[in-house]
Amino acid sequence: MLTAQGVVKGDRVIVYMPMIPEAAIAMLACARIGAVHSVVFGGFAAPELATRIDDAQPVALVTASGGLEPGRTVEYLPMVRDALAQSESAPATVIVKDRAQVPGAAADFGWLDWDEQTSTAEAVGPVEVAATDPLYILYTSGTTGKPKGVVRDNGGHAVALAWSMRNIYDVTPDEVWWTASDVGWVVGHSYIVYGPLLLGATTVMYEGKPVGTPDAGAFWRVIAEHGVSALFTAPTAIRAIRKADPEAAELAKYDLSRFKTLFAAGERLDPDTFAWASEKLGVPVVDHWWQTETGWAIVANLRGLEPMPLKPGTATVAVPGYDVQVVDAEGAQVPANAEGNIVVKLPMPPGTLAGLWRDEDRFRSSYLSAFPGYYLTGDSGYIDDDGYVFVLGRSDDVINVAGHRLSTGSIEAVVAAHPAVAECAVVGIHDDLKGQRPSGYVVLKSGVGISEDELRAELVAMVRETIGAVATFRDVTVVDGLPKTRSGKILRKTMRQIVDGEEYSVPSTIEDMAVLEALVEQLGH
Ligand code: COA
Ligand code: AMP
């Protein structure tokens with residue numbers, strides 16, 4: 001189908017799809033013909049899709065008529081139409097998988113129908129590529145509003161993922177493996193599609209949630225029905241199940257005899273959730289830490305190689321291939337148990353990012369220039385006396401909401417565009433269920449007559465339309481001023497600490513202490 005539309009090796013293809021088999025089929029079709037896929041998460045709205053289209057300059061876009069979310073359906077085609085209209089590099093070809101649950105005809109938009117096209121398409125053989133040719137581009141949030149196009153190669157990626165399936169996850173080809181995530185995230189690329197299939201194992205694709213579709217037993221039902229031996233999900237999903245079913249009564253209804261490990265990543269696995277899941281499931285609950293850029297685990301407990309004792313709050317030790325170190329602001333290694341920037345000494349192992357799509361300067365400035373000779377992960381944490389790595393959180397303006405990586409900078413850009421807003425800051429504050437959530441603090445232009453409720457409703461709608469529902473932006477507070485350094489940098493970390501009721505740090509370069517004191521009065525605990 002793609003070849004018939006003239007897609008050839010090296011061409012980019014955007015895949016904007018819900019969790020249906022055709023999403024994986026489209027990705028693998030690109031891999032087979034040497035095209036470079038770029039999957040965009042369905043929870044992003046048209047402007048975010050347009051940004052990615054403009055950066056990747058695709059020749060084709062593959063989509064579906066819609067997706068299923070709890071209590072509503074998401075129509076993709078109007079969003080694709082808007083994104084193409086907003087884009088300067090709209091692809092010539094758009095192919096639509098029409099789904100019975102959310103019907104939408106490609107012909108209404110002048111596009112091609114997946115079923116019609118595949119019914120007449122001829123089989124084509126695999127196209128040879130170099131190990132270092134790009135397999136995919138996956139956009140992820142950086143500190144600015146412009147997403148970063150992480151480029152993955154073919155050879156190193158295949159080697160790393162196949163190795164990880166056996167040595168980190170302890171899965172064999174005869175087993176059923178399930179990653180409850182979405183193909184739009186790196187976890188979905190590596191462990192819904194490529195990892196299990198490279199190994200020859202069976203992978204489960206699930207278009208649903210841990211709760212509400214229909215109940216908190218959904219995960220246990222899928223595990224039982226398909227004989228799943230290992231599940232990989234985000235800690236948020238476990239917290240959602242626990243909230244709905246604290247005693248895990250749903251578990252008793254299903255046969256989980258083949259289930260042997262629960263893996264968690266995407267955000268920190270808090271000790272409380274770790275303890276609950278370990279007790280209720282009676283299997284090892286294994287945290288591991290990685291990011292879109294690396295494509296596979298940096299720190300893990302190697303279940304298939306040499307399982308180590310599990311400690312709450314840590315993802316265990318550096319995976320072979322990664323020389324993980326913690327350094328201070330000057331780049332000097334800190335002693336055990338001291339917090340600092342987590343870095344990886346170069347070279348990076350196979351499978352990690354080959355660069356940022358057509359942006360070598362940003363690749364270097366984002367990851368390689370802070371500490372020469374080291375890759376900057378953007379996370380802070382410490383290594384204990386036993387070599388266990390504790391990841392505490394991001395040291396930049398990236399936040400993690402329900403395991404979804406978002407940039408506060410991009411939300412700020414939308415909020416700042418409101419005519420009543422003089423300036424604003426968006427920070428990631430603690431959320432019991434989602435780990436973090438974005439919270440906006442707004443200074444109004446003088447003389448504007450808008451109520452806080454009205455402003456909140458307008459800003460929430462703007463963020464939803466510009467970034468997407470996945471931003472879950474709901475908190476807006478009007479403040480008199482934002483604390484800043486004398487050079488004008490907003491003290492976001494200090495604000496977050498105040499809102500979260502933590503001890504807060506005040507840099508000596510603060511411009512006006514009175515602004516901070518007023519904020520403590522208004523927002524502090
Ligand atoms: N397409 C369209 N919209 C989507 C979407 C998608 N693929 N994924 C999420 N959304 C929408 C949701 O419908 C919701 O919209 P709403 O504001 O109209 O309700 C919004 O984005 C926020 O979604 P989410 O953060 O997922 O919240 P939720 O309340 O629907 O569900 C959890 C909460 C905890 C159940 C859910 O976040 C979850 O299962 N998390 C697991 C995390 C995960 O899989 N992470 C992936 C990386 S490992
Ligand atoms: P993403 O690129 O979307 O996978 O997000 C990567 C970021 O999520 C990391 O830089 C961390 O901040 C966070 N993260 C992922 N896994 C973990 C984990 N196991 N523990 C702590 N933080 C994590």
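Me: How far does a backbone N or O atom of Gly266 lie from a nitrogen atom of ligand 2?
Reply: This is a predicted model, where local features need pLDDT of at least 70, side-chain atom pairs count only at pLDDT 80 or more, and totals for chains, interfaces and linings use all residues. Side-chain values use heavy atoms, without hydrogens or water, residues are numbered from 1 along each chain as its sequence is written, and chains are lettered from A and ligands numbered from 1 in the order written. We are looking at a polar contact (N or O atoms within 3.5 Å; within protein, one able to donate a hydrogen and the other to accept it, with sequence neighbours counted only if both atoms are side-chain atoms). The backbone atom of Gly266 and the nitrogen of ligand 2 are separated by 3.0 Å.

Me: Which residue places a polar side-chain atom 2.5 Å from an oxygen atom of ligand 2?
Reply: Ligand 2 has 15 residues around it (a heavy atom within 4 Å), and His288, Thr292, Asp379, Arg394 and Arg405 come nearest. On the backbone side, a polar atom of Glu267 is 3.5 Å from a nitrogen of the ligand. The polar side-chain atom 2.5 Å from a ligand oxygen belongs to Asp379.

Me: And how much of ligand 2 does the protein bury?
Reply: Let's stay with Asp379, whose side chain reaches to 2.5 Å from an oxygen of ligand 2. Taken alone, ligand 2 exposes 490 Å² (Shrake-Rupley method, 1.4 Å probe; for residues, only the protein chains shown count as cover). Of that area, the protein buries 94%.

Me: How far apart are the N and O atoms where Arg52 and Glu48 meet?
Reply: Arg52 and Glu48 stand four residues apart in helix H2 (residues 46–56), so about one helical turn separates them. Both are buried. Their side chains form a salt bridge with an N to O distance of 2.7 Å.

Me: Is Arg81 buried or partly exposed?
Reply: Arg81 forms a salt bridge with Asp82, with the closest N and O atoms 3.2 Å apart. Asp82 has a relative accessible area of 32% and is partly exposed. For Arg81 the value is 42%, which makes it partly exposed.

Me: Which side chain of opposite charge is nearest to buried Lys148?
Reply: Lys148 belongs to strand E9 (residues 148–153), and its side chain makes a polar contact with that of Tyr367 at 3.3 Å. Lys and Arg count as positive, Asp and Glu as negative, while His and chain ends are left out. Lys148 has no salt bridge, and 4.5 Å away is the nearest side chain of opposite charge, Glu293.

Me: How much of ligand 1 does the protein cover?
Reply: Among the 24 residues around ligand 1, Glu69, Arg72, Pro210, Lys434 and Arg464 come nearest. A polar side-chain atom of Glu69 lies 2.6 Å from an oxygen of the ligand, and one of Lys209 lies 3.3 Å from a ligand oxygen. Ligand 1 has 940 Å² of accessible area on its own, and the protein covers 84%.

Note on methods
Helices (H or I, at least four residues) and strands (E, at least two) are DSSP runs, numbered from the N terminus. Buried means under 20% relative accessible area, exposed over 50%, partly exposed in between (1.4 Å probe, protein chains only). A salt bridge is a side-chain nitrogen of Lys or Arg within 4 Å of a carboxyl oxygen of Asp or Glu.
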